[in-house]
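Visitor: I have not looked at this one before. Can you walk me through it?
Guide: Here it is.

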Amino acid sequence: MNNYETDFYAWSAEQADLLREGQYDKLDMINLIDEVESLGRSERNALISHLTIFFLHLLKKKYQPNFDCRSWDISIKNSKYKFMEKLGENPGLKSKLHDIFIEAYRDARIEASKETGFDENIFPSHCPFSKEEILRGIND
């Protein structure tokens, strides 16, 4: 049996083969469970990442209108598309959207402060964009 710690690729291929063959008693259940959970976290994190970029550029557009540029509009559109695509692929995350929005906006606010040089308190402490607006499509 391949070692999870020393050759992840070989381990994962072996686990897949064992599953396909129905040899459940030979599975490395502890590590397999961890990896399946990790896949779910990865999907959630990707959703947060896309939404963070979306919020970041919306904030920059609003608070730095003199610097507004085509690349911000493209980033807003792309991150919105990627967010909606990822959400469509993972409908189970819809029940987590409230927390995802809070986390993504918090991250975007911090990043907007870094990128603009503005104090973080310039930006609203709570997301000024409603879940409905975002799901419906701001700036589509």
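Guide: Helix H2 (29-63) is included in what covers the buried residues of helix H1, contact being heavy atoms within 4.5 Å. Helices (H or I, at least four residues) are DSSP runs, numbered from the N terminus. This is a predicted model, where local features need pLDDT of at least 70, side-chain atom pairs count only at pLDDT 80 or more, and totals for chains, interfaces and linings use all residues. Residues are numbered from 1 along each chain as its sequence is written, and side-chain values use heavy atoms, with hydrogens and water left out.

Visitor: Which residues of H1 are buried?
Guide: Ala10, Trp11, Gln15 and Leu18. Buried means under 20% relative accessible area, exposed over 50%, and partly exposed in between (1.4 Å probe, protein chains only).

Visitor: Where do the buried residues fall, seen down the axis of H1?
Guide: They fall within an arc of 135 degrees, so they line one face of the helix. The arc is that of the directions from the helix axis to the C-beta atoms.

Visitor: And which residues are exposed on the other side of H1?
Guide: Tyr9 and Arg20.

Visitor: What comes just after H1?
Guide: Glycine 22, with a positive phi of about 70 degrees.

Visitor: New topic. How many salt bridges are there?
Guide: A search of the whole structure finds 11. A salt bridge is a side-chain nitrogen of Lys or Arg within 4 Å of a carboxyl oxygen of Asp or Glu.

Visitor: Which residue does aspartate 17 meet in a salt bridge?
Guide: Arginine 20, at 2.8 Å, N to O. Aspartate 17 is partly exposed at 38% relative accessibility, while arginine 20 is exposed at 64%.

Visitor: What about lysine 61?
Guide: The side chain of lysine 61 meets that of aspartate 68 in a salt bridge of 2.8 Å, N to O. Aspartate 68 is partly exposed, at 35% relative accessibility.

Visitor: Which residues are linked in a network of salt bridges?
Guide: Glu43, Lys86 and Glu89 are linked that way.

Visitor: How many disulfides?
Guide: The count is 0, taking a disulfide as a pair of cysteine sulfur atoms within 2.5 Å.

Visitor: Is cysteine 69 buried or partly exposed?
Guide: Partly exposed, at 29% relative accessibility. Cysteine 127 is partly exposed too, with a relative accessible area of 27%.

Conventions. Helices (H or I, at least four residues) and strands (E, at least two) are DSSP runs, numbered from the N terminus.
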